[in-house]
Each structure stands twice: as structure tokens, then as C-alpha cells.
Amino acid sequence: MEILFSVENFEENGGKYREINSPRSLEACLRSGLDPAELYPRAKKDFVDKTLTEEMVDIKYKTFEKKRIDKIFAVKEQRNNLIQYAERKRLAGTNRNGESGAQTPVALVTTKSPKELAAELSNTMLEQEEKRIEALRRRQEKELNKIIEREQTLAVLQQKIKRAEEEEVKKKKIHDKKVAEEHIQAEKKKVQRAHELKRLEAEEAEKKREIARKDAAIAEKLAKKRLQMEREMAKEARERDEERKQKVEEARRKTEALLKAQEDEAELVRIKMNEREQRIMSQLEQKKELKREEVASQREAAKKRIDEALEKHHQLHQNKKDQFALRQAAAQKRAKDHATEERARLKKQADDRDKRNKQRLNRLVEAYKSRAEHRKSIVDRREEKEKFYGTIKSAREEEIALMKFTSDLRLRDKLDNVERVSRMNEFKRLQILQNIALQDTKYEDIQEQRAEMLRKHAEEAKNSLIRKHEISDAMDRMRMTNDFTLLDKLFASKKKKGEKKDLGKTTDDIEVVDEARLNQTI
């Protein structure tokens with residue numbers, strides 16, 4: 001069995017580590033937008049380079065170690081959130097939260113002459129301003145593209161909902177038409193059964209009259225010899241007629257009661273189906289209304305965010321332009337002051353030179369001597385200044401190199417943070433797409449279950465209609481044969497078939513049907 005190492009126990013003493021392979025720690029790295037390799041420790045000698053000083057190497061190592069500790073803390077926090085979320089999901093279920101990184105500004109230092117510094121500063125500021133504007137434009141384009149993608153996704157969902165509603169309307173129309181046709185057919189069959197019943201009663205009356213005529217003829221032939229027998233036979237005939245009338249009347253009442261019960265049952269089923277359809281349509285309308293409100297609120301929020309971003313961008317751009325104009329004016333003013341000071345210095349030098357030329361004739365010897373001493377002192381001072389300026393220059397170069405190195409580290413940190421945020425956004429986007437696919441699959445399953453319920457309802461209606469016909473046929477045969485056990489036999493055979501059909505169903509089938517009915521009701 002493979003040993004799992006998480007972000008809590010992957011480090012060992014002496015700078016050693018084990019590769020992180022725990023699923024929850026890897027998922028926490030994904031959610032934080034980090035690569036697990038960024039959490040592994042490194043030795044200080046790995047940062048040594050010929051172009052870097054000892055101080056730079058030390059700064060680079062400390063910066064890496066600080067960032068590594070911060071990343072480990074972020075991953076641990078994300079991992080704890082995952083553990084808490086799993087526990088809450090096991091009990092009740094909640095939502096997850098994300099993080100985003102911060103950016104650090106980059107410093108710029110230069111050592112040039114005043115004129116070159118002003119020109120280079122102007123060019124650099126213009127380039128930086130253009131880069132900032134371009135980066136802002138790209139960032140706004142990305143945000144707009146994301147908004148457009150969300151709107152397209154919402155439009156696709158609305159189209160799906162619209163298609164589902166159209167299909168529901170078509171199915172309802174077909175169902176209503178089918179119910180109307182079945183109702184018309186049932187009325188026609190009811191009228192046919194009434195005509196058939198009248199015809200049978202007429203035939204029965206004709207048979208009675210024929211029997212009465214035969215009895216009268218026999219009674220007339222045997223009137224003299226069997227008067228007593230004739231009276232008894234007449235009495236028996238009357239009793240049989242009464243009994244037959246009672247049976248016919250009882251059969252008619254039973255038939256009418258069965259027909260009435262079947263019609264009431266059919267009407268009750270139709271009312272229940274209408275109520276269920278109305279309930280489903282009202283639920284669909286409520287869902288559509290909620291979805292429309294949600295889409296409207298999302299659009300309003302997106303529009304508000306875009307307006308705020310544009311207003312902030314315009315304000316920032318105007319502030320930068322004002323600051324740039326102020327810096328330009330200050331630079332021009334400093335250049336004018338420097339030119340005025342330079343002209344005054346040159347004028348003073350010219351006056352001193354004229355004064356020395358006038359005094360040269362009077363103090364020629366003293367001038368040669370003082371000039372020699374002055375030249376020597378100038379050479380000494382020059383040597384001292386060059387020595388002092390060399391020390392200052394080397395120190396300043398080291399300071400500039402250190403500042404440039406620090407600026408590069410900050411820039412690298414910004415780029416890493418941007419890449420981490422983009423990875424986090426990509427992970428969230430994939431999660432959203434997966435949730436949308438799951439919702440579509442769930443909707444399709446519900447539609448399939450509803451279609452199955454409708455099919456079973458149609459099948460039950462068909463079976464009910466077949467039972468009605470079978471009962472009607474059994475009643476007809478019962479009237480013809482006077483065998484009143486046919487109806488009991490029919491019900492007994494139907495009961496046996498229903499038990500066999502129920503035995504053929506499994507427990508899973510019953511649970512699926514119940515779940516489908518539950519989803520249809522909800």
C-alpha cells in the first residue's frame with residue numbers, strides 16, 4: 001500500500017522532503033493555484049550565481065523561504081477548508097470560498113546627468129504609462145469576454161428551457177386531444193349498449209308472448225280433461241314469468257351500477273390527471289419566473305461592475321496625466337534655474353579673468369609662483385576627489401544593483417501571482433462547466449421519467465378500456481345463457497393475471513416507479 005504524504009508531514013529534518021501525493025493536499029494546491037513543487041525546500045547554495053553578490057543571494061534565499069512558508073500556510077488553510085467542507089457536507093452541506101493574491105509595485109532608480117535624467121525619465125514614464133494602459137485594456141477585455149461567456153451560457157439555458165416548455169405544450173395538446181377522442185368513443189359505445197339493451201328486452205317480450213300463445217292453445221285443447229292441471233300450469237307460468245322479470249331487472253340494475261362505477265372512476269382519474277398537470281405547469285412557471293429574475297439581477301450586477309471599472313479607469317488615467325504634467329513642469333523649472341545659475345557662474349569667471357589679466361603686469365613673478373603652488377594644490381585636490389568619488393561610485397553601483405535585483409524579485413512575484421490567479425480561475429471555470437453538465441443530465445432524466453409515467457398511464461387507461469369491454473361481453477353472454485357465474489370467473493381470472501404480473505416486477509422496478517412518481521409530483 002502506497003504511503004501518503006500531505007502538506008502537514010512532507011518536510012523532514014535537514015532540509016529533506018517527500019513528494020506530496022495526498023489527494024486532498026493536491027486538490028488544495030489546485031484550488032490555491034500552486035504547483036506542489038513550489039512548496040519543497042531548497043538549500044541556499046542553489047541560489048548562488050556569478051552575477052549575484054552574497055547579500056543578493058541571502059535576500060533571494062530569504063524571499064524564497066518566506067514565500068514558500070506563506071504558500072504552505074495558504075495550502076494548509078485550503079486543505080483545512082476542504083476537510084471542514086467534507087465534514088459539513090456529511091452532516092448538512094455548505095459552499096466553498098476562494099482566495100486571490102496581491103500585487104507589489106516595482107521601483108525604478110537611475111544615476112544620470114540632470115538633462116539626461118529628465119529626458120530618460122520622460123521617456124520611461126511614457127513607456128510605463130503605455131504599458132499600464134495596455135495591461136488595463138487587456139484586463140478589461142478579459143473581464144468583458146468572461147461576462148459575454150456567462151451571458152451566452154445563460155442564453156443557451158434559456159433556449160433549453162424554452163424548448164422544454166414548447167415540448168410540454170405539444171404533449172399537453174396531444175394528451176387533451178386523445179382524452180377528448182376517448183370520451184367521444186365512450187359516449188358512442190354507451191349509446192350502442194343502450195340500443196342493444198332495448199333490443200334484447202323487445203326480443204324477451206316477444207318470446208314471452210309466444211310462450212303465452214302456446215300455453216293458451218294447450219290449455220284450450222285440454223280444458224275439459226285437465227282443468228285442474230291447466231290452472232296449476234298457468235300458476236307455474238305466472239311464477240316463472242315473475243321470477244324471470246325479477247332476474248332481468250336485477251341484471252339490468254347490476255349492469256347500470258357497474259357502468260356508473262366505471263364512469264365515475266374514469267372521471268376521477270381524469271380530474272386527478274388535470275390537477276397534476278396544472279400543478280406541474282404552475283411549478284414550471286414559478287421556476288421560469290425565478291430564473292428570469294436571477295438572470296435580470298446578474299445582468300444588472302454585471303452592468304454596474306463594468307460602469308464602476310470604466311469610471312475607476314478614467315479617474316486613474318486623469319490622475320496619472322495630472323501627475324505627469326506636474327512632474328514635467330517641475331523638471332522645466334529646475335532646468336531654467338540651472339541655466340540661470342550656469343550663466344551667472346560663467347559671467348563671474350569672465351570678470352575674474354579680466355581682473356587677473358590687468359594685475360598680470362604688476363605681479364608677474366608672484367603670479368608664476370602662486371600659479372605653480374595653485375596647480376599643485378589643484379592636482380592634490382583632484383586626486384583626493386577622484387579617490388573619494390570612486391568610493392562613492394562603487395557604493396552607488398552596488399546600491400543600484402541591489403535595488404534592481406529587489407525590483408526583479410518583486411516583478412517575478414507579481415507574475416507568479418498572476419499565473420496562480422489564472423490557474424485558480426481556470427479551476428473554478430471547469431467546476432462551473434461540470435455543474436452545468438450535471439444539471440442538464442438531471443433535467444433529461446426527469447423528462448425521461450415523466451415520459452415513462454405518461455406511457456404507463458396510457459397503458460393503464462387502455463387496460464381499463466379492455467376490462468370494460470370484457471365485462472360488457474360477459475354481461476351479454478350472461479343474458480343469453482342465464483349463467484350468472486361468468487362475471488365471477490372473469491374477475492377471478494383478472495385477479496390471477498394481476499398477481500402474476502406483480503410477481504414479475506422486481507423491488508428495483510417498484511422503487512424506480514415510486515421515485516419517478518415522486519419526481520413528477522415535485
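Predicted model: local features only at pLDDT ≥ 70, side-chain atom pairs only at ≥ 80, totals over all residues.

Visitor: OK, back to K160. Which residue does K160 form a salt bridge with?

Guide: D440, with the closest N and O atoms 2.7 Å apart. A salt bridge here is a side-chain nitrogen of Lys or Arg within 4 Å of a carboxyl oxygen of Asp or Glu. K160 sits in helix α3 (residues 114-221) and D440 in helix α5, so this pair links distant parts of the chain, 280 residues apart. Helices are DSSP runs of H or I, at least four residues, and strands are runs of E, at least two, numbered from the N terminus.

Visitor: What about E165 and K288?

Guide: Their side chains meet in a salt bridge too, 2.7 Å from N to O. E165 lies in helix α3 and K288 in helix α4, so the pair ties together parts 123 residues apart in sequence.

Visitor: Is K288 buried or exposed?

Guide: K288 is buried, with a relative accessible area of 16%, while E165 counts as partly exposed at 23%.

Visitor: And how many salt bridges by that rule?

Guide: The count comes to 37. Among them is R423 with E38, at 3.8 Å between the closest N and O atoms. R423 lies in helix α5 and E38 in the loop between α1 and α2 (54-91), so that pair ties together parts 385 residues apart in sequence.

Visitor: Switching topic: how many helices and strands are there?

Guide: 7 helices and 0 strands. Of the 522 residues, 15% count as buried.

Visitor: Which residues are buried in helix α1?

Guide: In α1 (residues 23-32), S25, A28, C29, R31 and S32 are buried. They're on the same side of α1, because they cover an arc of only 165 degrees around the axis, taking the directions from the helix axis to the C-beta atoms. Just after α1, G33 takes a positive phi of about 75 degrees.

Notes: Residues numbered from 1 in each chain as written. Heavy atoms only, no water. Buried < 20%, exposed > 50% of the residue type's maximum accessible area, 1.4 Å probe, protein only.
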